[in-house]
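I opened the model and kept short notes as I went. The entries follow the order in which I looked things up.

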Amino acid sequence: MNLTRRSVLTVTLLAMAALAAGPALAQGAVRVGSKIDTEGSLLGNIIIQTLEAGGIKTENRLQLGTTKIVRSALIAGEIDIYPEYTGNGAFFLADEKNPAWKNASAGYERVKALDAEKNKLVWLRPAPANNTWAIAVRSDVAQANKLATLDDLGRYVAGGGKLKLAASAEFVERPDALPAFQAAYGFKLRQDQLLTLAGGDTALTIKTAAEQTSGVNAAMAYGTDGPLAALKLVIMEDSKGVQPVYAPAPVVRADLLARQPKIATLLEPVFRSLDGATLQALNAQIALEGQDAKKVAERYLKSKGFIR
Amino acid sequence: MSGAPAAVAGRPAGAARPRRVRQRVLALLLVAALAAAAGLAFLTVAPNRLVTGTGVLLPALWAGAAGAEGAAWPAIWLMALLLPTAALVVAVWLPPSRAVHAAVVMAATALLTSFVALAGAGAAMRAGTLPEIARVSLGGGCWVLALLSWLAAGDALQRLRLPPARHLAAHAAVLLPVVLLLASGALDALSLLKEYENRQDVFHAAGWRHLQIVLTALLPALLIGVPLGVAAARQPRFAAPLFATLNLLQTVPSIALFGLMIAPLATLGEWLPGSGVRGIGLWPAVVALVIYALLPIVHGTAAGLQQVPAAVREAATGMGLTPRQCFWRVDVPLALPVLLAGLRLTSVQLVGLAVVAALIGAGGYGALVFQGLLSSALDLVLLGVLPVVALALAVDAGFTLLEAGLRRWRAEPAV
């Protein structure tokens, strides 16, 4: 009896170990991560396919989780590379007050220097796009009231124009988001002009404005959101540059880059090709048409001749 | 179980009246179905996958079909819906018998199949006239009608009182036509199937991964939970703090648990190279699920052992059994049904809980659910949720068979 019980236990433990080890880990492969959102999976797939085409083995760790989890995973050495936005450096490195973040190249230089020093992470050259927080307005409202910039929007709201904004709690409360916009452009939204939605998901805020749920006609959005045009919303231009610049760039662990310097030269031209309009179009193929991010990335890289 | 004879008895005085409703459950389901057909959209049509669609009522499907495919469309589909419905209406007035119940199962199955097939055909017809990016989804009406048909079939099956294995086989046969429709491509115009087409690789990988997560969590949960349950049953002083701790762990949100585990598990992985321990992926997901699974397993084990009558145990001791023999030959067999019920609960719960594993990069069907939630694409959420529901039902059915087998085994005389 005792013997059988012990052998049952041994077999169970062995089976457990086999299950837990899972698929044999590709030793030495570059572990590519990304955030769980649409653009995260797009850029992650672009990185994987570019590296693979350049002869570098990769391990797919895409859509790992929220910003916090992916960043922790990179620092802990659980992944080697993932796409992050330059402007987020201000929060990662507790440097929110610095005006450098509002300038694309100064912000990049700053995050590159700080992260290399503090965390041994290397920020590769970012894409010339800005996925910053923005306010998008229904195009019928924008047309009727000639709204193109946040200056126009500020005047319109201050003059008693009808506006109701759908946004995340973070956007409404964080001092560098809506409060910064309001201070710079001279308007103030009352409580009844705001619809606060759970989570930071712009797909939901955009949908709310497009469908005019609860009288909403404006939405928190990101600069490179794909579905904006199809859902007939226009982004109000941040003419005074209130927001930090959020340019997407691959962030890689320094020790890995030292071993595989080719990673930087492979990714550089690809990210240079990803301007705001291109990212919007690619994001739309995923979010609006429901296509697989992997296929969208593959088609783009082929059309540009980055992979064959 | 004991309620069934009472329902048959009824009021003797009422039996004299003719035209009395004999099958109240079925009558109720039919009335609900009529309301759903008249009031809820059968399909919804949206210009793209993000926005909410406009509803199309069941009768309106015919109005749309008149131009496209001529007279054949209305006639065939009308028959497919009306014949089984008529059969069910007649059955409401018939006295219950095995033949009537069997007929109800078949009519309800036919109706379920017709609703699903009609949704596929209606979607194909609408989609043909719309741009590629437009989506036709199943409306609330279609879901409710299909669900009511399934309930009607299930209720009649229950009344047939088949032995467990045959009951499950019959239930599978009720759902088989829907599976065949899915496989045949007749439903491919529906938004749900378009999401599937776009993410086939992810979907198929998710299935195995989901099972792997559940099984990997279940084994350690059993290995830890059962001894703890035994200890709790034997030492009441130990039980109170144990259950307090387990209850507390149950309330920690999974996402918080994941965030907390990355660094310690990554460090552990560095200490134990080759062990496969990682701060992201399967490991943290499994650890979290084991923590959640402990409560029902420990509880089930302790409750099972506590309900073994003290007199039986005393008798066994009196017959000269050692404490160890008493445990294996008396306690375990008598506690097994309750223990198994706890295991069943835990397994079904784990299938559902494994969805959150996607938040730490462990994959599984949760990956589809969260991608859908984050891009507010409801049909992608459904594509992740439906297989989870199916898996949970399958696990539950598996335990039904296991418990039936156990009962048969126990009924045989001991050696």
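**Entry 1: the sheet of chain B**

I began with one pair of residues: B:Leu43 stands opposite B:Val56 in strand 2 of chain B. I noted that this is a predicted model, in which local features need pLDDT of at least 70 and side-chain atom pairs count only at pLDDT 80 or more, while totals for chains, interfaces and linings use all residues. Residues are numbered from 1 along each chain as its sequence is written, and chains are lettered from A and ligands numbered from 1 in the order in which they are written.

I then looked up the strands around that pair. Strand 1 (residues 43-46) of chain B runs antiparallel to strand 2 of chain B, and 3 bridges join them. Helices (H or I, at least four residues) and strands (E, at least two) are DSSP runs, numbered from the N terminus. Two strands pair if DSSP finds at least two bridges between them. In general, strands of a sheet pair through backbone hydrogen bonds, either parallel or antiparallel.

The open sheet in chain B has 3 strands in the order 2-1-3, with antiparallel pairing. Strand 2 (54-56) and strand 3 (135-138) of chain B are at the edges, each with a single partner strand, so one side of each has no neighbour in the sheet. On average, neighbouring strands of this sheet are turned by 30° against each other, direction ignored. Such angles are taken between axes, which are lines fitted to C-alpha atoms, for helices over the stretch in contact; they run from 0 to 180 degrees between N-to-C directions.

Which helix lies across strand 1 and strand 3 of chain B? I found helix 5 (residues 98-128) of chain B there, at about 25° to strand 1 of chain B.

**Entry 2: chain B as a whole**

I counted 16 helices and 3 strands in the secondary structure of chain B. Its C-alpha atoms fill a box of roughly 80 × 65 × 35 Å along the principal axes. Of the 415 residues in chain B, 37% are buried. A residue is buried if 20 or more other C-beta atoms, placed from the backbone, lie within 10 Å of its own, exposed if 12 or fewer, and partly exposed in between.

**Entry 3: two helices and a helix residue**

Two packed helices are described by the angle between their axes and the distance between the axes. I looked up helix 9 and helix 12 of chain B, which pack at an angle of about 35° with their axes 6 Å apart. The residues of their contact divide into 23 nonpolar, 6 polar and no charged. Here Ala, Val, Leu, Ile, Met, Phe, Trp, Tyr, Cys and Pro count as nonpolar, Asp, Glu, Lys and Arg as charged, and the others, Gly among them, as polar.

Next I picked B:Gln250, in helix 10 (residues 236-250) of chain B. B:Gln250 counts as partly exposed because 13 C-beta neighbours lie inside 10 Å. Leaving out residues up to four places away in sequence, B:Gln250 touches B:Tyr292 and B:Leu295. Residues are in contact if their C-beta atoms, placed from the backbone, lie within 7 Å. B:Gln250 and B:Leu294 are 44 residues apart in sequence, yet 8.9 Å apart in space, C-alpha to C-alpha.

**Entry 4: where the chains meet**

The contact takes 37 residues from chain B and 36 residues from chain A. Which helix of chain B gives the largest share of the side that touches chain A? I found that it is helix 9 of chain B, with 6 residues. The residues of that side of chain B divide into 20 nonpolar, 12 polar and 5 charged.

**Entry 5: chain A**

I looked at the sheet of chain A: an open one of 5 strands in the order 7-6-8-5-9, with mixed pairing. Its edge strands are strand 7 (194-197) and strand 9 (233-235) of chain A, each pairing on one side only. Strand 5 (residues 133-138) of chain A pairs with strand 9 of chain A in the antiparallel sense over 3 bridges. A:Val137 has A:Val234 as its bridge partner in strand 9 of chain A.

I also looked up A:Lys146, in the loop between helix 6 (139-144) and helix 7 (150-158) of chain A. Its phi is near 55°, a positive value in a residue other than glycine. Is A:Lys146 buried or exposed? A:Lys146 is exposed, because 9 other C-beta atoms lie within 10 Å.

Last, I checked confidence: the mean pLDDT (the predictor's confidence in each residue, from 0 to 100) of chain A is 88, and 91% of its residues reach 70 or more. Over residues 15-26 of chain A the pLDDT is below 50. Where pLDDT is low, the predicted coordinates should not be read in detail.

Technical notes: Two residues are in contact if their C-beta atoms, placed from the backbone, lie within 7 Å.
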